[in-house]
Amino acid sequence: MLRPRLPLTALCLALVTIGARSLDPRPSPEAVADTGFVAVSGGRLYYESIGSGPTVVLLHGGNLDRRMWDEQLPILASHFRVIRYDARGFGRSSSADTAYQAHTDLYALLQHLGVRRASFVGLSLGGRIAIDFTLDHPDMVDKLVLAGPGLSGWRDWSAEDTTWLIAARRAGHVGDSVGIAMSWLTSDYMRPAMEQPQLAKRLRAIASDNATYWMGLFRHGDREREADPPALNQLSAIRVPTLLLVGDRDSPVIRLIVDTLASRVPSSTVVVILGAGHMVNMERPGEFDRAVLDFLLR
């Protein structure tokens, strides 16, 4: 879910031409009140909006898309206006082939939709985007829910298991972008979720649909520009109520990031979800939903 820059850079250098075999994800089947595309610098974002009341924005993890929130959408929409979208490079949004900042894209989306304030629920990549956005636009944020979040400025990937890269390189040498995505599903981020057969089937489908992301990394590297300054050394400036969710089986790197956030973000609370890995909302939706609703409805 995180995009560890050193391992992915190593992967990009090792890969040969990657064939594109992914499908364009179709709109989700839910009856949404509003869907569409929003222009951002050098591209466009696809979004879905449903419900009414205070706004909650859902931000998905890397290598996946908005569909990872399928269980949470109807539950949250019974209380809030819920917006979910595909970050640049994923889902139905445009490719990440020009320089951009993900939190700047998010600001453009909210401006287009007339959102002045919102709460943000982000997992992994989505958590990192939410943190960067909060530091840039603190007046637009009510609450933060950060599930296994990434963190701009984080450099210590030494605890990460990179053995999945071996199979990923093999797939790259035969031009198999979907094979690279399937290799990523064996990483320590995704291994616990893949132990559940039905969830594993869903994750394979979504990861396959987003396999072109890996091809982009090979062709031109990571075009996302880190927040400047990065969030790591500014965390004490986050003053909004913050819920940190983490599975006790998540990656060691993620658990270190959560510990760092808990020690530096003043109004933060940590909830550990037992038996869950990185995909806490999909692996343990009941526990996740209860914790998030309790926090957002206070």
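Me: What makes Asp70 and Arg84 a salt bridge?
Reply: A salt bridge is a side-chain nitrogen of Lys or Arg within 4 Å of a carboxyl oxygen of Asp or Glu. The closest N and O atoms of Asp70 and Arg84 are 2.9 Å apart, so the pair meets that definition. Asp70 lies in the loop between strand S3 (55-59) and helix H2 (72-77), and Arg84 in strand S4 (residues 81-85), so the pair ties together parts that are 14 residues apart in sequence. Helices (H or I, at least four residues) and strands (E, at least two) are DSSP runs, numbered from the N terminus. This is a predicted model: local features need pLDDT of at least 70, side-chain atom pairs count only at pLDDT 80 or more, and totals for chains, interfaces and linings use all residues. Residues are numbered from 1 along each chain as its sequence is written, and side-chain values use heavy atoms, with hydrogens and water left out.

Me: Why is Arg84 called buried?
Reply: Buried means under 20% relative accessible area, exposed over 50%, and partly exposed in between (1.4 Å probe, protein chains only). Arg84 has 0% relative accessibility and therefore counts as buried. Asp70 has a relative accessible area of 23%, so Asp70 is partly exposed.

Me: What makes Glu71 and Arg202 a salt bridge?
Reply: The N to O distance between their side chains is 2.6 Å, which falls within the limit of 4 Å. This pair links distant parts of the chain, 131 residues apart: Glu71 is in the loop between S3 and H2, and Arg202 in helix H7 (residues 197-209). Glu71, at 29% relative accessible area, is partly exposed, and Arg202, at 25%, is also partly exposed.

Me: Which residues do salt bridges that share partners join into one network?
Reply: The network consists of Glu48, Arg66, Asp70, Glu71, Arg84, Asp86 and Arg202. The structure holds 15 salt bridges.

Me: Why are helices H5 and H6 called roughly antiparallel?
Reply: Helix H5 (residues 164-173) and helix H6 (residues 177-184) pack at about 175 degrees, with their axes 8 Å apart. Axes are lines fitted to C-alpha atoms, for helices over the stretch in contact, and angles run from 0 to 180 degrees between N-to-C directions. Angles under 35 degrees count as roughly parallel, over 145 as roughly antiparallel, 65 to 115 as roughly perpendicular and the rest as oblique. The angle therefore makes H5 roughly antiparallel to H6.

Me: How do you know that Val272 is partly exposed?
Reply: Val272 has a relative accessible area of 45%, which lies between the 20% and 50% limits. Val272 is in strand S8 (residues 268-273).
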